[in-house]
Amino acid sequence: MVSEVNKYPKSLDWDDYLKFSNGVPAPPKCFNHHLEPPMNEFLINYKLEVTSPDNRDFVHLATVVGFTGQRLQLRLDGCDNANDFFELVDSDTISPIGTYKQKNRYFAAPLRFRKDAATYASFCRQILKNAIAAPKTCFKDPPTKPEKNMFEVGMKLEAVDIKHPSNICPATIKNVDNNMVEIHLDGWDQMNDFRCLYYSRSLFPVGWCKKTGHTLQFPGPKGLHIQH
């Protein structure tokens, strides 16, 4: 039986949820992910290089401060935790220490660096003296993105909540426009809807969270609750 409530059980059963929502899971071929998620071999405090969120020509030093499943919580060295962000272990934006030299990129201070930007190079050298660099084996090959947008309106998926990026939520394809898709987070107001490229790494197939051990948030207060 289905009833409208504001609270949810401790776990979301996708099979039941798809039945009462008349939802159809987006096929795995729609997503920019490996069919089998790679193993996460990173450890807390490992150091790595990450492409700047502000300029892809720049590289910053970052530290793994947390992880859930295949998602790493990263902190740019010299910045506070308000600027933490998340990357997958098979992301093309992360790489072992020293890789930037091979890619002709620039090691530069992030915009939110709390010290004098001119001291960034010496700051990083000092930090790395006693740091543990993430082994190359931790970095997995990125997947091959789908050649075209195969999403259709109404398809179900799991998506990162861009306002609270540590969360992954059940979601629905609201609109498809060439290479863009509009995502609705189930049970939440449309103010939380967002647009992104169809090959965004923030979109996951139904069941990805369960397979990788990541918490899947429940639908918002406007959603439905299944009673058995």
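Predicted model: local features only at pLDDT ≥ 70, side-chain atom pairs only at ≥ 80, totals over all residues.

Mentor: Residues are numbered from 1 along each chain as its sequence is written, and side-chain values use heavy atoms, with hydrogens and water left out.

Back to our pair. Asp 77 and Lys 47 form a salt bridge, with 2.5 Å between the closest N and O atoms; the term asks for a side-chain nitrogen of Lys or Arg within 4 Å of a carboxyl oxygen of Asp or Glu. Lys 47 belongs to strand β3 (residues 46-51) and Asp 77 to the loop between β5 (71-76) and β6 (85-88), so the bridge ties together parts that are 30 residues apart in sequence. Strands here are DSSP runs of E with at least two residues, helices are runs of H or I with at least four, and both are numbered from the N terminus.

Next, have a look at Arg 75, which forms a salt bridge with Asp 84, the closest N and O atoms being 2.8 Å apart. The two partners fall into separate classes of cover: Arg 75 counts as partly exposed because its relative accessibility is 27%, whereas Asp 84 has 16% and so counts as buried.

Then there's Arg 195 with Asp 177, a salt bridge whose closest N and O atoms are 4.0 Å apart. This pair links distant parts of the chain, with Arg 195 in strand β13 (residues 194-197) and Asp 177 in strand β11 (residues 168-177), 18 residues apart. Arg 195 is partly exposed, because its relative accessibility is 44%; Asp 177 is partly exposed as well, with a relative accessible area of 36%.

To put these pairs in context, a search of the whole structure turns up eight salt bridges. The protein they sit in has four helices and 15 strands, and buried residues make up 45% of its 228 residues.

Conventions. Buried < 20%, exposed > 50% of the residue type's maximum accessible area, 1.4 Å probe, protein only.
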